Amino acid sequence: MLKKKSNKNFFYGVLIILIINSLFFLGSSYFGLGRPYINFDYFLVLFFYALGLRFIAIILCSVFLLFEFFALIGQVFPFVRFSDFIYLSKFTFDAPFPYIMVMGFSLLLFPVIIYLFYLSSELLGKIKVFIIFNIVVFSFAVMRQLIPDYYDGDKYWKVAKGKLISSVTEYVLKYRFVGFAEGFNTESNSASEYEGIAAIDFLSETIDQYENILFVINESWGVPVNDLVQKEIVSIDSFKDFEVEVHEINFSGYTVQGEMRELCRKSVANINLKILDDNDFSGCLPSNLKLKGYKTYAIHGATGNMYDRAYWYPKVGFDKAIFYENMSLDRRCYSFPGACDSDIFSVIESLHRSDEKKFIYWLTLNTHASYDMRDLDKDLFDCEIFKISGHEFCRNLKLQKQFFHNLSVYLKDKKDILVVVVGDHEPRIVDKSTVHEDFKLGKVPVLILKR
């Protein structure tokens, strides 16, 4: 009878461990985030519980849960420093309600998980916990030694997928801790020549023939599988007075990497551009245009501290950078905290009025995931007509349609102007079930308007 009870307790103890790991793994898989199947860290919690050191076990479990949270959320918003995370956290209650619910549920789940680990250690007993702990430690050590590239998939902004056992805490300490404490200098960064095609490659011989250049990197603008969707979004007919070119280029990465692709034709190892050498910014488009007599401006609706744009924008050749903190606007938007793109046209217009040759670079913001409908002033796109079932993709398209509509209105009376609009990366979609049906992975569009 005692043996049956012991076996039953062992089963329940192991089941609790598997359920906790499965919850994190399934959650990360649903959101398309990297995480090992088994997080080694939690076995340390069991170990200290088994030793009777409950206070240490509770502290460790709390720290490991926070590190797990940072590792996962950092793949959605790859903040460089802890201060970036603090900045974003100020807008928590402005997030869409489902996001607030998920965050609230996660916080409530923390003490429950801490208790479940305690319960698991009690059910297993000290000896069995030690046996399991040693098996996991041995397996972890063997994998690290026998698989030379075991950590090659890990990056500063991404935990590699597909690893059986790994330590999320080790990842955070290796790739993020010094960044939180000292401004993120845990690894070197380098820039190399971008080997793919950038939007600028379509106009390298003609770009300086125009007095006015508006170069837009459009957040999360992708290539829909259905070509008719893109035609409706862009509304080429609304640019009938322009010479129009439409292209597609291959790219996978984050916004900052997309910026370096277009502004400098460079590939960067990670998104911390503050540690790049000054030589890595040489030969960038704004610098080259300055040599040809252009006044160069950069505009972005978020704060200049995010990803250190206030620091590195001047290095690529911008005479003036305008961020949210430099704008006097009556409202802000929600998809990503900052100015509303529809309001930034007035900022662009104030620059456009000058008689000088000018290059205006604009990184848009409101089409950022989670594609918050509070940023939609005009609902101009009907998803049902195109049988688009994915709610996220539908929201993205509605916001994109609004952007292109506002762009066409702004450009109606503009002369001697070159406009380039290019996506930074494909839309980030949480629901992976319809991703392949909605848009082409690893591709972004290019729209070129000349008049």
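**Entry 1: the largest cavity**

How do the residues lining the largest cavity divide into nonpolar, polar and charged? I looked this up and found three nonpolar, five polar and one charged. My classes were these: Ala, Val, Leu, Ile, Met, Phe, Trp, Tyr, Cys and Pro count as nonpolar, Asp, Glu, Lys and Arg as charged, and the others, Gly among them, as polar.

A note to myself before going on: this is a predicted model, where local features need pLDDT of at least 70 and side-chain atom pairs count only at pLDDT 80 or more, while totals for chains, interfaces and linings use all residues. Residues are numbered from 1 along each chain as its sequence is written, and side-chain values use heavy atoms, with hydrogens and water left out.

I found three cavities of 30 Å³ or more in the structure, and the largest holds about 70 Å³ of space. On a 1 Å grid over the protein atoms alone, a cavity is a set of points where a 1.4 Å probe fits but cannot get out, and a pocket is an open set with protein on both sides within 12 Å along at least five of seven lines; lining residues have an atom within 4 Å of a point. Grid points are joined across faces, edges and corners, and a volume is the space filled by probe spheres set on the points.

The lining of the largest cavity is Asp341, Ser342, Phe345, Asn366, Thr367, Leu399, Gln402, Phe403 and Asn406. Two elements, α12 (341-352) and α13 (391-411), each give two or more residues to this lining. Helix α13 gives the largest share, four residues. Helices (H or I, at least four residues) and strands (E, at least two) are DSSP runs, numbered from the N terminus.

**Entry 2: α8 against α13**

I followed α13 to a neighbour. Helix α8 (residues 227-234) packs with α13 at an angle of about 40°, and the axes are 7 Å apart. Axes are lines fitted to C-alpha atoms, for helices over the stretch in contact, and angles run from 0 to 180 degrees between N-to-C directions. That angle makes α8 oblique to α13, given that under 35 degrees counts as roughly parallel, over 145 as roughly antiparallel, 65 to 115 as roughly perpendicular and the rest as oblique.

On the α8 side, I noted Val229, Glu232, Ile233 and Val234, which meet Leu397, Gln400, Lys401 and Phe404 of α13. Contact means heavy atoms within 4.5 Å. By class, the contact has five nonpolar, one polar and two charged residues.

**Entry 3: the second largest pocket**

Helix α8 turned up again here. Which element gives the largest share of the lining of the second largest pocket? It is α8, with four residues. The pocket has a volume of about 200 Å³ and 13 lining residues, with Asp227, Gln230, Lys231, Val246 and Glu248 nearest its centre.

**Entry 4: a covered helix and some backbone angles**

I checked α9 (residues 255-264) and found 10 of its 10 residues buried. Buried means under 20% relative accessible area, exposed over 50%, partly exposed in between (1.4 Å probe, protein chains only). Just after α9, Arg265 has a positive phi of about 50°.

Is Asp308 buried or exposed? Asp308 counts as buried because its relative accessibility is 6%. Its phi is near 60°. Asp416 has a positive phi of about 45°, and at 32% relative accessibility Asp416 counts as partly exposed.

Last, I spotted a cis peptide bond from Ala369 to Ser370, with omega near 25°.
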